[in-house]
Amino acid sequence: MKKKDKIRRKENLQRMLTDSEFTVKGKCVISLMLTKLDIINTFLLMKYNRTIIQMKTGRVKGYDSVCKKLSKKGLELDREIALEKINDLIGVRAICSYVDDIYRVADLLEKQKDIRIVKVKDYIKQPKKSGYQSLHMILDVAIAFQQETQWIRVELQLRTAAMDYWANLDHQLRYKRGKKETDMIDEELQQCAEVITQLDQKMLEVRKKIDRI
Ligand code: 0O2
């Protein structure tokens with residue numbers, strides 16, 4: 001591909017991710033998803049008499065992060081390729097109190113008519129090699145704009161506070177550490193992930209005991 005063409009495609013991608021219809025619509029879908037999670041939380045609060053979703057956030061993925069991901073996947077830095085291949089251009093994350101709550105939230109979302117499930121990746125039942133755990137749901141969400149209803153792709157990550165703690169520190173450490181001693185550090189992080197799993201299981205057992213009283 002010609003250098004000029006490459007630069008033009010890169011600029012198109014940057015434009016899409018900075019100040020465009022895509023980012024505006026992305027922010028609207030994030031608001032919609034956060035509201036859906038609020039409603040689910042209220043519904044489950046009435047049912048179980050406790051808070052199910054502790055925290056939730058959303059973001060449109062930044063240009064640098066998209067470029068990094070495309071390069072990692074061996075793909076061209078191109079707007080159409082990003083839209084087709086990157087599922088988390090628009091991402092929402094919800095932190096649940098207990099592991100079983102994650103599946104309760106997922107079940108309720110799956111039943112909604114304005115949500116289509118594209119893919120579910122259960123890194124809780126099958127954690128990644130790194131030790132990473134979360135439930136990832138790739139969704140197409142319908143949103144009504146002035147002229148039309150559009151289906152927009154969103155990645156929802158559901159995890160416990162313990163999984164979130166691990167993922168955040170792992171994320172930071174991955175950027176900081178160099179290539180040296182990587183294997184040893186990987187192993188230590190995997191061990192930390194196992195501790196996190198045990199902690200989540202223990203907390204769930206305690207809650208279930210209390211539920212029975
Ligand atoms: P960032 O900076 O967090 O946004 P695909 O292969 O296309 O189906 P994808 O998205 O390439 O799917 O991979 P995956 O593993 O399903 O999900 C990727 C996202 O999950 C990452 O986004 C992270 O947010 C998170 N994640 C996955 N593995 C790890 C891990 O080992 N540690 C941490 N801390 N987070 C992880 P990004 O865009 O890669 O990064």
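A crossing of two helices is called left-handed if the near helix is turned anticlockwise from the far one by less than a right angle, and right-handed if clockwise. Keep that in mind, everyone, for the helix pairs.

First, some background. This is a predicted model, in which local features need pLDDT of at least 70, side-chain atom pairs count only at pLDDT 80 or more, and totals for chains, interfaces and linings use all residues. Residues are numbered from 1 along each chain as its sequence is written, and side-chain values use heavy atoms, with hydrogens and water left out.

Helices (H or I, at least four residues) and strands (E, at least two) are DSSP runs, numbered from the N terminus. Axes are lines fitted to C-alpha atoms, for helices over the stretch in contact, and angles run from 0 to 180 degrees between N-to-C directions.

Let's look at H6 and helix H7, residues 182-212. They pack at an angle of about 165°, and their axes are 9 Å apart. That angle makes H6 roughly antiparallel to H7 (under 35 degrees counts as roughly parallel, over 145 as roughly antiparallel, 65 to 115 as roughly perpendicular and the rest as oblique). H6 passes H7 in a right-handed crossing. Where do they touch? Among the residues of H6 in the contact are Tyr-165 and Trp-166, and those of H7 include Leu-189 and Ile-196 (contact means heavy atoms within 4.5 Å). By class, this contact of H6 with H7 has 10 nonpolar, no polar and two charged residues. Here Ala, Val, Leu, Ile, Met, Phe, Trp, Tyr, Cys and Pro count as nonpolar, Asp, Glu, Lys and Arg as charged, and the others, Gly among them, as polar.

Now helix H1, residues 3-18, with H3: the angle is about 130° and the axes are 9 Å apart. H1 and H3 are therefore oblique to each other. This crossing is right-handed too. Lys-10, Leu-13, Gln-14 and Leu-17 of H1 meet Tyr-63, Val-66, Cys-67 and Leu-70 of H3.

On to pockets. On a 1 Å grid over the protein atoms alone, a pocket is an open set of points where a 1.4 Å probe fits, with protein on both sides within 12 Å along at least five of seven lines; lining residues have an atom within 4 Å of a point. The largest pocket has a volume of about 1,400 Å³, the space filled by probe spheres set on the points, which are joined across faces, edges and corners. Of its 34 lining residues, Lys-61, Lys-69, Lys-72, Asp-88 and His-171 are the closest to the centre. Which helix gives the largest share of that lining? H6, with seven residues.
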